[in-house]
Amino acid sequence: MKRVVAINGSPKSAESTSGMLIKILEEYIGTIVDTFQAVELIRREDAHKVIADILKADDLLIVFPLYVDSLPASLLKLLTQIEQAAKACGSSLPTVYTICNCGFYEAEHNSLALKITRNFAKRIGANYRYGLGIGCGGALAQMKKGPVDNVYAALRDMGNTIKAENSKESEDVFVTPKMPRFLYRIGGNIGWRQIAKKNGMLKQMKATPHSL
């Protein structure tokens, strides 16, 4: 059975959307996905050994949230380390897949970030299969069906592609949950207010015009 490795590029150590997406994809692939947290791996003394092991995988998933149209700093640092290690790698490199989710409504905001990971794969000499850009990332953890059915379908397609061992490079895919923009905005504002209240910031935010 082929070995699939995932890099979780979220700065969150737990309960991240990226981690959730990896778990969903793991179910569709039908095999355990060895997952490494970028923000933790770059601090490990044996990072070079772990990276060398990652490069021996059949497939590499890079899953992360969009940060200012790019990748989180910890993930960028890890990819730089992987690039350096790949130069000394004498064996074939894994096929690369990417998933990027953003808080924007439009999934196309992930386009530049996916191009960065595609370029990374080419720089290290690895095959890049394709990337998946997902919009309305903040809604994914709150919904399991309905408006997000198309997101699950896109993840299922990626899982099937990995299982089929199809290494032909193709265009990136972009998908946004099927919900009206105004509903997503309302839900986002409610979420921010709940977080603000939990952290004792709600009164301060109400005193600041256009804070939400």
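Of the contacts in the protein with a separation of 6 or more, 82% are accounted for by residues 24 or more positions apart. The model under discussion is predicted. Its secondary structure comes to nine helices and six strands, and 48% of the 212 residues count as buried.

**Packing of helices H1 and H7**

- Two packed helices are described by the angle between their axes and the distance between the axes.
- For helix H1 (residues 17-29) and helix H7 (residues 149-164), the axes come within 8 Å and cross at roughly 50°.
- H1 and H7 are therefore oblique to each other, and their crossing is right-handed.
- On the H1 side, the residues that meet H7 are Leu-21, Ile-24, Leu-25, Tyr-28 and Ile-29. On the H7 side, the partners are Tyr-152, Leu-155, Arg-156, Met-158, Gly-159, Ile-162 and Lys-163.
- By residue class, the contact of H1 with H7 comprises nine nonpolar residues, one polar residue and two charged residues.

**Ile-162, a buried residue of H7**

- Ile-162 is placed in helix H7.
- Is Ile-162 buried or exposed? With a relative accessible area of 0%, Ile-162 is buried, because the limit for that class is under 20%.
- Apart from residues up to four places away in sequence, Ile-162 touches Lys-2, Val-4, Leu-25, Ile-29, Asp-59, Leu-61 and Tyr-97.
- Between Ile-162 and Thr-95, the C-alpha to C-alpha distance is 9.1 Å, while the two residues are 67 residues apart in sequence.

**Lys-2 and its polar contacts**

- Lys-2 belongs to the segment before strand S1 (4-8).
- The side chain of Lys-2 forms a polar contact of 2.7 Å with the side chain of Asp-59.
- Which backbone oxygen does the side chain of Lys-2 reach? That atom belongs to Ile-162, and the distance is 2.7 Å.
- With neighbours within four places in sequence left aside, the contacts of Lys-2 are Thr-31, Asp-58, Asp-59, Ile-162 and Glu-165.

**Leu-60 in strand S3**

- Leu-60 is located in strand S3, which spans residues 59-65.
- Leu-60 counts as buried, since its relative accessibility is 1%.
- Once neighbours within four places in sequence are set aside, Leu-60 is in contact with Val-5, Ile-7, Ile-54, Pro-94, Thr-95, Val-96 and Tyr-97. Tyr-97 is also one of the residues touched by Ile-162.
- Leu-60 and Thr-98 are separated by 38 residues in sequence and by 8.3 Å in space, C-alpha to C-alpha.

**Positive phi outside glycine**

- Glu-15 has a phi near 55°, a positive value in a residue other than glycine.
- Glu-15 is situated in the loop between S1 and H1. Its relative accessibility is 80%, so Glu-15 counts as exposed.
- Val-68, which is not a glycine, likewise has a positive phi, of about 50°.
- Where does Val-68 lie? Val-68 is in the loop between strand S3 (59-65) and helix H4 (73-87).
- Val-68 has a relative accessibility of 82% and therefore counts as exposed.

Key
Residues numbered from 1 in each chain as written. Predicted model: local features only at pLDDT ≥ 70, side-chain atom pairs only at ≥ 80, totals over all residues. Heavy atoms only, no water. Helix = DSSP H or I, 4+ residues; strand = E, 2+ residues; numbered from the N terminus. Polar contact = N/O pair within 3.5 Å; in protein donor to acceptor, adjacent residues only side chain to side chain. Contact = heavy atoms within 4.5 Å. Axes fitted to C-alpha atoms, helices over the stretch in contact; angles between N-to-C directions. Parallel < 35°, antiparallel > 145°, perpendicular 65-115°, else oblique. Left-handed = near helix turned anticlockwise from the far one by under 90°. Nonpolar A, V, L, I, M, F, W, Y, C, P; charged D, E, K, R; others polar. Buried < 20%, exposed > 50% of the residue type's maximum accessible area, 1.4 Å probe, protein only.
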